[in-house]
Amino acid sequence: MAENCVSRSLTSMDPPAIEVELNESLKEGAPVYHCDLFDTEVAHKIAQALLPGLASACVDNTTGGLFKSPASVAVDVRREMVDYLTQRSQTFVAETFFLEADPDLEVSVHPYDIISYFIDDFESSKRNFFSRVSGWLLSDRREDQIDDFLQEMEINGFWLIGRREAVAKTLLKNIDFKNVHHCNMKFSSAEELSEHILHCSYRILNCKNEGCSTRFTAAQMENHDSLCPFKIIPCEQKCSDSIMRREMDRHCVTICPMKLVNCPFYQVGCQSTIPRCMVEQHRLQNLPSHLLYILQVLHKEVSIEELKRLAEQLERLSSPEQLAEARDVRSLSFAIEDLEAKLGPLQVNTKTNVSEHSELPTTAPKKIDDSGVLPLTKEELVESASGTK
């Protein structure tokens, strides 16, 4: 009532002066159209913090009471909470001045942190005597009761997210005096404002990636694009496929042709890891060394030099496809067995020290390697090649 009286008195004091001032502002082309866009992501995050804050305030305000429940005070406490946060946000600029005067005090400037701090203060102000003097604030029962009441409000649609976002928008603009999270542009005409909105960094955009329903401000477009799970991107392992980001890990460890795998002759000594699509090329290019690895296991008592000569004999004796078509230890062992049968008994010297030929492939290591695979012994290789194991 008093406010209305004050308003009427101000209106009746000197109306011509006000009219002249407004007319002069319009004549001078003063901006009267304001862009009302803001960072919806920050506002939504603030809105999400309001309901848990209200639940805590209602529970702490009625704890230990016999005649009141959190639900019975929710409407009044909500109104008080909105009023408190609005007034507090309006005086935030002055608070900031005093806080910044203390060099030892670290204060977050992010709107969410600031509003969360205001909400905590409001919660504290609503605690009743029992909550303050008992151990209620640190009890597990308190947390459970707050969670239960929060869930009850969500189920009953009390203070829907849309209404909370409207409050959050006001709070955000009050404390964002540096215009970091909302647009404060002003224009002289509606046409100028409409043109600005088409390019404003706070305009709302929808993600264009199929399957994604995320909405964000234009300023957040690059950040969302770099994280969107539905975006189609090139394979991380450099294969020719393009895959949805959320499917990338599965693709890379299952069907990607560039997935690194062990050489088929890993168990007998070839420690190479190659892309799956290049296994065939690797096998053909390294046939002589793979052949020698198997001969080392079959004829441990034979020197490297003798085994090299034997390998050359086997290559000359074989048809062009016989050894080249052997794709693994088993098939190459069969091929060697057939060729050695044609050569007859092996006549070789056994006195050459293997360590003197460091440039040649060594025999398969005796201890378990990083993959946990124990290289084959001669007996195991023979049994594997003959199909008896």
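Helices (H or I, at least four residues) and strands (E, at least two) are DSSP runs, numbered from the N terminus. Residues are numbered from 1 along each chain as its sequence is written. This is a predicted model, in which local features need pLDDT of at least 70, side-chain atom pairs count only at pLDDT 80 or more, and totals for chains, interfaces and linings use all residues; side-chain values use heavy atoms, with hydrogens and water left out.

**The whole chain**

Start with the protein chain, which has 17 helices and eight strands. Buried means under 20% relative accessible area, exposed over 50%, and partly exposed in between (1.4 Å probe, protein chains only). Of the 389 residues in the protein chain, 34% count as buried. Contact means heavy atoms within 4.5 Å. Among contacts in the protein chain with a separation of 6 or more, 59% are between residues 24 or more positions apart.

**Helix α4 and its partners**

Two packed helices are described by the angle between their axes and the distance between the axes. Select helix α4 (residues 70-90) and helix α8 (residues 140-156): their axes come within 12 Å and cross at roughly 65°. That makes α4 roughly perpendicular to α8, because angles of 65 to 115 degrees count as roughly perpendicular, under 35 as roughly parallel, over 145 as roughly antiparallel, and the rest as oblique. The contact is made by Pro70, Ala71 and Ala74 of α4 with Gln145, Phe149 and Glu152 of α8. The crossing of α4 and α8 is right-handed; a crossing has this hand if the near helix is turned clockwise from the far one by less than a right angle, and is left-handed if anticlockwise.

α4 passes α6 in a right-handed crossing. To show the contact, select Val77, Glu80, Met81, Tyr84, Leu85, Arg88 and Ser89 in α4, which meet Tyr117, Phe118, Ile119, Asp121 and Phe122 in α6.

**Two residues with positive phi**

Most residues other than glycine have a negative phi. Go to Trp159, in the loop between α8 and α9 (161-175). Trp159 is not a glycine, yet has a positive phi of about 60°. At 6% relative accessibility, Trp159 counts as buried.

Next select Asn179, in the loop between α9 and β2 (186-187). Asn179 is not a glycine either, and has a positive phi of about 55°. Is Asn179 buried or partly exposed? At 33% relative accessibility, Asn179 counts as partly exposed.

**Histidine and cysteines**

Move to His251, which is in helix α12 (residues 248-253). His251 is buried, with a relative accessible area of 2%. Not counting residues up to four places away in sequence, His251 touches Cys235, Cys239, Asp241, Ile243 and Cys256.

Now show the cysteine sulfurs. How many disulfides are there? A disulfide is a pair of cysteine sulfur atoms within 2.5 Å, and by this rule the count is zero. The sulfur of Cys252 is 4.4 Å from the closest cysteine sulfur, in Cys235, which is too far for a bond. Cys263 is in no disulfide, and the nearest cysteine sulfur, that of Cys270, is 3.6 Å away. Cys252 is buried at 8% relative accessible area, and Cys263 is buried at 3%.

**Helix α14**

Select helix α14 (residues 287-298). It has twelve residues and reaches 17 Å from its first C-alpha to its last. This is close to the expected 16 Å, where the expected span is 1.5 Å times one less than the number of residues. Eleven of the twelve residues of α14 are buried, so the helix is largely enclosed by the rest of the structure. Those to select include Leu287, His290, Tyr293 and Leu298.

**Last stop: Ala326**

Finish at Ala326, in the loop between α15 (304-317) and α16 (329-343). Ala326 is buried, with a relative accessible area of 4%. Leaving aside neighbours within four places in sequence, Ala326 is in contact with Phe265, Arg283, Ser331 and Leu332. Ala326 and Arg283 are 43 residues apart in sequence and 8.9 Å apart in space, C-alpha to C-alpha.

Note on methods. Axes fitted to C-alpha atoms, helices over the stretch in contact; angles between N-to-C directions.
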